[in-house]
Amino acid sequence: MAKKYYITTPIYYPSGNWHIGHCYTTVICDALARFHKLLGEDVFFLTGTDEHGQKVEKEAAKRGITPREFIDPLVAELKDMWRLLDIGYNRFIRTTDEDHVRAVQYIYQKLYESGDIYKAEYSGYYCTPCESFWTETQLVNGKCPDCGREVSLQKEESYFFRLSKYAPALLKHYEKHPEFLQPKSRVNEMVNNFLKAGLNDFSVSRTTVKWGVPLPFDPKHTAYVWIDALSNYITALGYGSANDSLYQKYWEADLHMVGKEIVRFHAIIWPALLMALGEPLPKQIYGHGWLLIGGEKLSKSKENARPELTDPYELVKRYGADAVRYYLLREIPFGSDGEYTTERFLLRVNADLANDLGNLVSRTQAMILQNFGAVPPRGTPAAQDGELIALAEETFGKVKAAMDALNAPDALAAIFALVSRANKYIDETTPWILAKDPEKRARLGTVLYHLAEVCRICAVLLKPFLTVAPARILKSFSCDENAGFGALAFGGLKEGAEVIKLPPLFPRIDLKKELAEVEKLVKEQKKPQNAVKSEAKEPAKKPEISIDDFGKTELKVGEVIACERVPKAKKLLHETVKIGEEVRSVVSGIAEYYTPEEMVGKKVVVVTNLKPVKLCGVLSEGMLLCAEDGKGGLCLVSPERDISSGGEVR
Ligand code: MSP
């Protein structure tokens, strides 16, 4: 029976704003999945989306749509991105999938019954963008230690997970399995900063978040998103359902590949949860580095200062999926961060793919077609050929060793060392001179056979990494496109096989011209024309409502009589609004657009029958109507003529 290989990416927040950094984890996993398939293993590759939680709930509410209406187009967009990049997953799990929701409830029930989940009061600081809780001492300058953004103090009845109980067992696991977490640098952080310091039980339910999995034993609570999300690795295989045959077959995971910022969840909470469930732990977790721009994590929401082309749709459209995949797999030193620039991207694609690989294939084909019309007879190798043949035979071993260490850049470096060696072989053997001498025809044939054979071997070796060029190369030498690693022996190419001249595999890019064009494109913030992205970014149209539905909203004219900033909340203003005889406290997310001074005296339109809420500890008894221009601009909606406050807006 074939060996199984179960590999997972993290499940993505449906945040939209996809950038090339997002593609990194998934492209690496896809290359690993393809590599193991080519080894003949039975691979299951899982990816998906992490759809519950406060962030989605808030974003949807801001737009006046349901969470589902908010996330569906973003999930479609992400799937399109994976399709464009040829990501061959076996399942795309959504945490809103019914089977996942049921299995999460099963997990909570089981842990509640075993006493590992218990009820208590929660008080802590919550970072909504990271969906993480922090204690006061963990905050850095009062802000989230992970992302540096504002946190809010939250107190509520909650269910807790008995994480503290599992610290000794986790420590033991780390001692016994040095391979469990990689690279090694991340182990020190987890063991010294967290495990050795002791673990605290932590809150795993929310009453304030409605957009989540309701707890089966107390449905006014929803599951904490990280427990919901982490569980996907087993629920996707049917864990906790009537049919768990995939779970029986594939669990434990061979590899959870994750970005370094989420190692803590995967390397501590997740194994503790599995221990509590009595299930085996994953074999390995790998925390990779980030793509940076100007030394900072590439992130569209943080608007990295330097303009670079980071849109994966546009990159694939301009340069092809192979170029994007190649750049990600080759350029970023594995385990570390790597600086991203459009220029480095283009240089890498030009140097390796257009020049080295593209040239080798096109020169080899041109010379074969010119001199033989088909693959020439192999003949007898000369001493001069030994090094190339030996390298072609050794390269798979090097690629395998690198991939066993999850190191795609080294694997590609080994393949491209062979490509370079073959280009050098052309210079050494000077086939264009051999071609002039009829007596050297047999030697010319041998040289060209060797070159064609290296092209074929490189194409097979490149199959995990590139998904277009290898098949084209194989087809152009009349070889089986589906050839696996079993076809790597030197000499496998059939003499006499038809050679079909390929158009350039990777057209050379005029760097100066392209950079100028890209700069213009990025500056204009031109949206990609790609059809597949089409409706994805359009906000979902709201459903039709009746006049009665509209009548349920009470809108009144108000006058802002006082206004101040909400402490520690960059975006919030706290207005005191007079509405007729009544005075209300209202909190609005407009601090980036208006100063408190500007607000005083303004006539505004207030939604007056909204349920009051507390935002960052301040009571908000209504909402000011604002208009957005879709480009980040925002202004208040005010009555066109002066009208006394308290007037109804209809
Ligand atoms: N939803 C959580 C994961 C839950 S898994 C049980 C999450 N999602 S995410 O959308 O924020 O990130 C998805 C992946 O993209 C992570 O591996 C993250 O590290 C990766 N990247 C996002 N930006 C990145 C870079 N700039 N560079 C490299 N990878 C980065 O976290």
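The shell of residues around the ligand in this predicted model divides into 13 nonpolar, 8 polar and 3 charged residues. Of the 24 residues around the ligand, those that come nearest are Ile11, Thr25, Asp50, Glu261 and Leu291. Two helices, H1 (20–38) and H7 (225–230), each supply at least two residues of this shell. Helix H1 accounts for the largest share, with 4 residues.

For Tyr13, a polar backbone atom is 3.1 Å from an oxygen atom of the ligand. The ligand taken alone exposes 670 Å², of which the protein buries 96%.

A search of the whole structure for cavities of 30 Å³ or more finds 2. The largest cavity holds about 50 Å³ of space. Its lining consists of Gly53, Tyr126, Glu131, Arg206, Val209, Trp211, Gly212, Thr222, Ala223, Tyr224 and Val225. By class, these lining residues comprise 6 nonpolar, 3 polar and 2 charged.

The second largest cavity contains about 40 Å³ of space. Residues lining the second largest cavity are Gly358, Val361, Ser362 and Gln365, together with Lys501, Leu502, Pro503, Pro504 and Leu505. In this lining, 5 residues are nonpolar, 3 are polar and 1 is charged.

Note on methods
Residues are numbered from 1 along each chain as its sequence is written. This is a predicted model: local features need pLDDT of at least 70, side-chain atom pairs count only at pLDDT 80 or more; totals for chains, interfaces and linings use all residues. Side-chain values use heavy atoms; hydrogens and water are left out. On a 1 Å grid over the protein atoms alone, a cavity is a set of points where a 1.4 Å probe fits but cannot get out, and a pocket is an open set with protein on both sides within 12 Å along at least five of seven lines; lining residues have an atom within 4 Å of a point. Grid points are joined across faces, edges and corners, and a volume is the space filled by probe spheres set on the points. Ala, Val, Leu, Ile, Met, Phe, Trp, Tyr, Cys and Pro count as nonpolar, Asp, Glu, Lys and Arg as charged, and the others, Gly among them, as polar. A residue is near a molecule or strand if one of its heavy atoms lies within 4 Å of it. A polar contact is a pair of N or O atoms within 3.5 Å; within protein, one must be able to donate a hydrogen and the other to accept it, and residues adjacent in sequence count only if both atoms are side-chain atoms. Accessible areas come from the Shrake-Rupley method with a 1.4 Å probe; for residues, only the protein chains shown count as cover.
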